[in-house]
Amino acid sequence: MLKILQVDKEYENNLKQYTKKDGVLAFVLFVIMALTYSLLAILENSFEFIRENDLLFGCIVNIFVVAFTVLLIKLGGQMMDTIGLYKGKWKNSIIIGTILASFLVFNNCLSQLINGSDLISIQEILTLLVYYLLVAICEEFVFRGYI
């Protein structure tokens, strides 16, 4: 189990090649993310259609953020492995993420049931699952990988 949590040597070597320019680009990405999510919140408050389809628009925003991150990586002349995406290493990330997510889901479901909430439909569960997976991938990709 502890081997899964160890830092990869390739990743440590990649960290040594970052410059001030990379730091500025990471800050720019963070600001763009904050502005994008703020804009989404303003639009949700202003337009009923966006409020009713908040999960769809949330997915669109997350896809935009990931695409912008890939653009910054490519413009910086970096490879995808500089943000921790290695061939064959994704299995460990999925295992750890699944274990942690299952604890969160169980905790949230249990707390909702204790508070007297009704169970939701399978379709709603699947919709939320897709949304939360996309959010998790986006956050991992951007924050752990790039920023």
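I started at threonine 69, which sits in helix H5. I took helices (H or I, at least four residues) and strands (E, at least two) as DSSP runs, numbered from the N terminus. The model is a predicted one: local features need pLDDT of at least 70, side-chain atom pairs count only at pLDDT 80 or more, and totals for chains, interfaces and linings use all residues. Residues are numbered from 1 along each chain as its sequence is written, and side-chain values use heavy atoms, with hydrogens and water left out.

I checked burial next, where buried means under 20% relative accessible area, exposed over 50%, and partly exposed in between (1.4 Å probe, protein chains only). Threonine 69 has a relative accessible area of 0%, so I list threonine 69 as buried. I then looked up its contacts (heavy atoms within 4.5 Å). Beyond its neighbours within four places in sequence, threonine 69 touches Leu29, Phe141, Val142 and Tyr146.

Threonine 36 belongs to helix H3, residues 20–46. Its relative accessible area is 15%, so threonine 36 is buried too. With neighbours within four places in sequence set aside, I found threonine 36 in contact with Val61 and Phe64.

**H5 against H7**

I compared the axes of H5 (residues 54–75) and H7 (residues 122–146); they come within 10 Å and cross at roughly 25°. Axes here are lines fitted to C-alpha atoms, for helices over the stretch in contact, with angles from 0 to 180 degrees between N-to-C directions. H5 and H7 are therefore roughly parallel. The cut-offs are under 35 degrees for roughly parallel, over 145 for roughly antiparallel, 65 to 115 for roughly perpendicular, and oblique for the rest.

Which residues of H5 and H7 meet? I noted Leu55, Gly58, Cys59 and Asn62 among those in H5, and Thr127, Leu128, Tyr131 and Cys138 among those in H7. The residues of this contact divide into 16 nonpolar, four polar and no charged. Nonpolar covers Ala, Val, Leu, Ile, Met, Phe, Trp, Tyr, Cys and Pro; charged covers Asp, Glu, Lys and Arg; the others, Gly among them, are polar.

**Cysteines**

I looked for disulfides (a pair of cysteine sulfur atoms within 2.5 Å). The count is zero. Cysteine 59 is at 15% relative accessibility and so counts as buried. Cysteine 138, at 0%, therefore counts as buried as well.

**Whole chain**

I counted seven helices and zero strands in the protein chain. Of its 147 residues, 20% count as buried. Among contacts with a separation of 6 or more, 80% join residues 24 or more positions apart.
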